[in-house]
Amino acid sequence: MIILVGLFSRTPKDPNQKRNAEKFKEFKKLAKQKKYDEALKSGTEYLRMVPNNHDALFTVGGIYYLKKKYKTAISYFEKALDVAEFDVDVLLLKAYSHQKLGENKRAIQCCEKIKEVDPKNKAVSALLPELKMKKQN
């Protein structure tokens, strides 16, 4: 009886795991090759199957950032931060996106969060004074 309970209590493997892994690999390859339109298509398809993959969310957001679609980039960065709240790279790109949109208060909030985790972050040390100066004007 104990043996049967052990057999039935196993969680089933994801039948799409191998296909999803291949899709993710394809997506990362396209992004690395700077084929951004194809990478976005592949990445968003992948995220429909695996919606909480932090790396995919960050990469898709990063591509939108490069394409100057900052609001869309921010939405992906926010989802990535739901998965990993204190990811400095995500927070920094989110801060830059807010800065590009003239949302300095929000950019400063991202920088403050980075400082909690990495008080000596050089990018934040350079960005914060610039943001605070613009906020005063």
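These legends accompany close-up views of a predicted model.

**View 1. Helix H2 packs against helix H3.**
Two packed helices are described by the angle between their axes and the distance between the axes. Here, helix H2 covers residues 17-32 and helix H3 covers residues 36-49. Their axes lie 8 Å apart, at an angle of about 155 degrees. Because angles over 145 degrees count as roughly antiparallel, H2 is roughly antiparallel to H3. The crossing of H2 past H3 is left-handed.

**View 2. Residues from both helices make the H2–H3 contact.**

**View 3. Phe24 and Tyr46 form a tilted aromatic pair.**
A pair of aromatic rings is described by the distance of the centres and the angle of the planes. The count of aromatic pairs comes to five. Phe24 belongs to helix H2 and Tyr46 to helix H3, so the pair ties together parts 22 residues apart in sequence. Are these two residues buried or exposed? Both Phe24 and Tyr46 are buried. Look for Phe27 as well: Phe24, Phe27 and Tyr46 form one aromatic cluster.

**View 4. Tyr64 and Tyr76 form a stacked aromatic pair.**
The ring centres of Tyr64 and Tyr76 lie 5.7 Å apart. Their planes are at 15 degrees, so the pair counts as stacked. Tyr64 is in helix H4 and Tyr76 is in helix H5 (residues 70-83), twelve residues apart, and the pair links distant parts of the chain. Tyr76 has a relative accessible area of 13%; buried means under 20%, so Tyr76 is buried.

**View 5. Tyr64 and its contacts.**
Now stay with Tyr64, which sits in helix H4 (residues 54-66). With a relative accessible area of 15%, Tyr64 is buried too. What does Tyr64 touch, leaving out residues up to four places away in sequence? Tyr64 touches Leu40, Lys69, Thr72, Ala73 and Tyr76. Take Leu40 as an example: Tyr64 and Leu40 are 24 residues apart in sequence, while their C-alpha atoms are 8.3 Å apart in space.

Key
Residues are numbered from 1 along each chain as its sequence is written. This is a predicted model: local features need pLDDT of at least 70, side-chain atom pairs count only at pLDDT 80 or more; totals for chains, interfaces and linings use all residues. Side-chain values use heavy atoms; hydrogens and water are left out. Axes are lines fitted to C-alpha atoms, for helices over the stretch in contact, and angles run from 0 to 180 degrees between N-to-C directions. Helices (H or I, at least four residues) and strands (E, at least two) are DSSP runs, numbered from the N terminus. Angles under 35 degrees count as roughly parallel, over 145 as roughly antiparallel, 65 to 115 as roughly perpendicular and the rest as oblique. A crossing is left-handed if the near helix is turned anticlockwise from the far one by less than a right angle, and right-handed if clockwise. Contact means heavy atoms within 4.5 Å. Buried means under 20% relative accessible area, exposed over 50%, partly exposed in between (1.4 Å probe, protein chains only). Rings of Phe, Tyr and Trp (its six-membered ring) pair if their centres lie within 6.5 Å; planes under 30 degrees apart count as stacked, over 60 as edge-to-face and the rest as tilted.
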